[in-house]
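Hi,

Here is the model I promised to pass on. Have a look, and my notes on the aromatic residues follow below.

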Amino acid sequence: MRKFLSSLVVLGALVGFVGCTSDKGNSNISGTVTDTGNTIAGVVLRSDSSIASFATVRMARVSDRTDSLAVPAFVEVQTNDSGAFEFDSSYMKLFAADSFQIAVIDTVAKEVYYLPRVDTASRKFEKITLEKAAIITTSLYYQDVSTATSTLSVGSHFMIYMPGTPFFQSVFAAQGQNQADSVSFLVPAGSWWLGFCPWDSQIVAKLEDSGIADTSIYRVWNVDLNVNSGEVINAGPFIWSTTASVDSLFKEPEEEGGRITGTVLCDSSKNCAGIEVQLITDLYGFRFVEGDSVAFEASAKTDSTGRWVLPAPKDVPYDSFRVEFRMVDGSSVVGSGLSRYVYASEVLGLEGSLDIGLSKLAKPANLTSWIRLVINEEDSTQSSNCMVNSVVLGIKGTSHFVRDVTCNEVDIYNIPAGEQVLMIYAGDPKVVSALQKAGIELSDFVVPIEITLTPGATQRQQGLTYTPPTLPSLE
């Protein structure tokens with residue numbers, strides 16, 4: 001497929017500026033390389049010397065990256081099943097120059113090739129050998145543009161690119177607090193900038209007509225990115241906005257606070273997309289005051305690489321917190337997991353992002369238990385009536401807490417498997433509040449029991465007892 005992108009912006013001069021989109025032609029010029037003298041042609045091989053079939057080859061106008069905001073004008077072809085490509089040299093008239101730059105991108109092998117300047121007399125490449133690409137993994141968010149008269153919706157289709165080069169990729173951005181898909185951007189080794197802009201040329205034109213500056217339309221991350229061949233770099237996430245800065249994601253400029261992030265694996269190697277994410281700061285479930293069980297309330301989802309992002313908690317009532325994950329298929333929970341305990345000191349005064357690492361999903365476990373009421377006969381204030389004594393049974397650092405009267409069977413479903421701490425304490429929130437206000441140690445009214453839950457199985461936990469707490473101030 002032949003393409004020509006007429007979006008070229010050079011600081012101080014506007015050259016054929018239409019936007020961050022491409023005009024597609026109707027003919028395919030992939031095929032056998034000819035040596036007629038009127039083509040620019042070659043053969044592409046991968047680093048292992050195998051043929052690079054259907055790799056993308058772009059011939060672009062030379063543009064100094066330090067002077068350019070966007071992608072220079074280019075034409076594009078694909079190699080055929082023999083790895084061959086060719087450009088009709090008449091396309092050089094579009095560049096009006098005696099040199100060009102060439103880029104080759106093989107998304108299957110994740111390999112690239114880049115020559116920033118080639119003389120037009122070099123019409124035939126005997127052989128182009130690719131090398132492993134550096135992979136920049138990021139995600140993009142955007143804000144609509146408010147003008148004096150109205151709000152312009154820019155849409156979610158954007159381009160991420162290396163300014164001044166023919167390396168770019170289509171990406172769909174998310175708005176506001178919605179979770180954005182991650183994109184893996186293949187680039188050659190070196191020191192680069194990253195840019196991003198709306199893909200639709202009509203949107204770009206509307207932005208210009210609204211008086212928006214080019215430097216606000218073509219946002220450039222102005223920190224040099226040094227990458228090596230085969231290296232994977234997590235950058236961003238970034239935000240496209242004509243008013244907000246790149247670093248203002250998840251917060252207004254006047255607000256403070258950082259972000260926590262991590263990655264979820266479905267198994268030992270596979271990333272999970274669309275996994276529900278919940279922050280757990282109430283490790284003991286004391287804020288659970290209504291209903292028979294705590295509900296899982298997702299505040300984010302993982303992107304296509306399994307990555308998630310949340311605002312760092314401002315309130316951590318204990319020494320640490322956790323993040324819980326679950327995979328849902330229809331109405332069924334088919335996978336669950338937990339992050340490590342993250343210490344409160346790790347997010348104190350945090351600016352930027354804290355990566356808390358990898359978390360693995362497994363089939364959820366269930367727990368069935370019976371709690372026997374044990375009364376202190378010397379305490380006349382305690383009742384031996386099961387129905388007037390309720391308890392909370394829960395798993396520390398999760399959303400899994402239930403309340404029931406003693407002597408009844410208690411069931412907890414869809415628990416993250418593995419080593420957990422089961423806790424029992426009074427089911428009356430007023431009693432718990434009074435104990436806390438009196439300064440009673442947690443160990444004096446919360447009973448912890450270490451258990452190991454098998455993925456996909458139901459564990460029956462017997463032998464649990466509960467003695468109602470005694471506190472003079474409750475009389």
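There are 13 aromatic pairs in the structure, where a pair means rings of Phe, Tyr and Trp (its six-membered ring) with centres within 6.5 Å, and planes under 30 degrees apart count as stacked, over 60 as edge-to-face and the rest as tilted. Before the details, a caveat: this is a predicted model, so local features need pLDDT of at least 70 and side-chain atom pairs count only at pLDDT 80 or more, while totals for chains, interfaces and linings use all residues. Residues are numbered from 1 along each chain as its sequence is written, and side-chain values use heavy atoms, with hydrogens and water left out.

One of the pairs is Y142 with F158: the ring centres are 5.6 Å apart and the planes at 35°, so it is tilted. Y142 sits in strand β13 (residues 134-142) and F158 in strand β16 (residues 157-161), 16 residues apart; strands are DSSP runs (E, at least two residues), numbered from the N terminus. F158 also pairs with W240, again tilted, with 5.5 Å between centres and 55° between planes. W240 belongs to strand β23 (residues 238-240), so this pair ties together parts 82 residues apart in sequence.

Elsewhere, Y284, F286, Y318, Y425 and F445 make up one aromatic cluster.

Cheers

How values were computed. Helix = DSSP H or I, 4+ residues; strand = E, 2+ residues; numbered from the N terminus.
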